[in-house]
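Reader: Could you walk me through this one? I'm new to reading structures.

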Amino acid sequence: MSDHETGAAEASPVDEEALAEAYNRALALEKAGDLDAAAEAYREVLALDPADHGGAAVRLASMGRGETPTRASEAYVATLFDQHAGEFESILVDQLGYDVPALVRQALEEIAPGPYERMLDLGCGTGLAGEVLRDMAAHITGVDLSETMIEVTDEKELYDALYVGDAVDFLQHADVEPFDLITATDVLPYLGELEAFFEGAAELATEGAVLAFSSETLPDETLAGRPFMVGPHQRFAHAQAYLGKMLADHGFAGLAIGDIVVRHEMGQPVPGHLVIARKQKAD
Ligand SMILES: C[S@@+](CC[C@H](N)C(=O)[O-])C[C@H]1O[C@@H](n2cnc3c(N)ncnc32)[C@H](O)[C@@H]1O
């Protein structure tokens, strides 16, 4: 039986009708290639719904028409994955060829096989990482912003504790014992700035703990020296150099940093990195 807690904030009331009209107009204009008019409409959307359930901020950034936000809004991530929880595995795994949790398992078996006492799966989704790593960890905690994704995971009865909430908030504030394995598979694409994420992971990691995560990337000429940016599919891409800096700044040594194909999008491979790192002894 899971310890299933809810930490999601209440959404403030919005004019749903005006919001739907502006959002649909923005999408149609974007599809028609009128990006300036689409950007104007997305700004209307943001004014109507500052919590940004529709992800207008990342859409603006992906069109090159807005500041790069520091992360995807909580409301957007929760809404997006609540909507897709039912068909998540058939879309991501079967249609888009996603198998990052299996790649994590393979890498761990090769370089850090455990066994682990306490695993924390950040952005656990429907529990795919827990499924493939269950026999490597005695206790598994999952955290996700989407209550519906957590419900799917809960039904699998694989995790020992589940929390609905933001991963960074959990890392910074959860009153829990530290973890010797922390995973975040396909979650960084919803976070841009990673300082708080790594700071929190370092806080909740035991000495010698393993951190395993994936990221998406873009060609160097597209990133153009930026640590992160919003890519064409509204997800954040991170530069490998930025990931390396975050690890080093927060006391993690990289055990393996490899190039992977995270998934396929419109038939094209989406490139990324798989990182396995170990928390070093504090000086
Ligand atoms: C693409 S899915 C990956 C799910 C799972 N890790 C896997 O490998 O199958 C991304 C998941 O991360 C969750 N997520 C994204 N940003 C998050 C955040 N800041 N805090 C908690 N969960 C987050 C989403 O709700 C979603 O379930």
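Reader: Start with Glu-151. Is it buried or exposed, or partly exposed?

Author: Glu-151 counts as partly exposed, because its relative accessibility is 36%. Buried means under 20% relative accessible area, exposed means over 50%, and partly exposed lies in between (1.4 Å probe, protein chains only). The areas come from the Shrake-Rupley method with a 1.4 Å probe, and for residues only the protein chains shown count as cover.

Reader: Before I go on, what am I looking at?

Author: This is a predicted model, in which local features need pLDDT of at least 70 and side-chain atom pairs count only at pLDDT 80 or more, while totals for chains, interfaces and linings use all residues. Residues are numbered from 1 along each chain as its sequence is written, and side-chain values use heavy atoms, with hydrogens and water left out.

Reader: OK. Where is Glu-151 found?

Author: Glu-151 is in helix α8. Helices (H or I, at least four residues) and strands (E, at least two) are DSSP runs, numbered from the N terminus.

Reader: Which residues gather in the patch of negative charge?

Author: Asp-82, Glu-147, Glu-151 and Glu-155 form that patch on the surface. Helix α8, residues 147-156, contributes the most, with 3 residues.

Reader: What are the rules for a patch?

Author: Its residues have over 30% relative accessible area and no salt bridge; like charges are joined within 9 Å, and nonpolar side chains (Val, Leu, Ile, Met, Phe, Trp, Tyr) within 5 Å. Asp and Glu count as negative, Lys and Arg as positive, and His and the chain ends are not counted. A charge is placed at NZ of Lys, CZ of Arg, CG of Asp or CD of Glu.

Reader: Salt bridges, then. How many does the count come to?

Author: The count is 17 salt bridges. Each is a side-chain nitrogen of Lys or Arg within 4 Å of a carboxyl oxygen of Asp or Glu.

Reader: What about Glu-216 and Arg-235, buried or exposed?

Author: Both Glu-216 and Arg-235 are buried. They form a salt bridge, with the closest N and O atoms 2.8 Å apart. Glu-216 is in strand β6 (residues 205-216) and Arg-235 in the loop between β7 (228-230) and β8 (236-238), so the pair ties together parts 19 residues apart in sequence. Salt bridges with shared partners join Asp-186, Glu-216, Arg-235, Arg-263 and Glu-265 into one network.

Reader: Last topic, the whole chain. What's in there?

Author: The chain has 12 helices and 10 strands. Of its 283 residues, 50% count as buried. The C-alpha trace spans about 55 × 45 × 40 Å along its principal axes. The radius of gyration is 19 Å, which agrees with the value near 19 Å for a compact globule of 283 residues. That radius is taken over C-alpha atoms, and the globule rule is 2.2 Å times the number of residues to the power 0.38.
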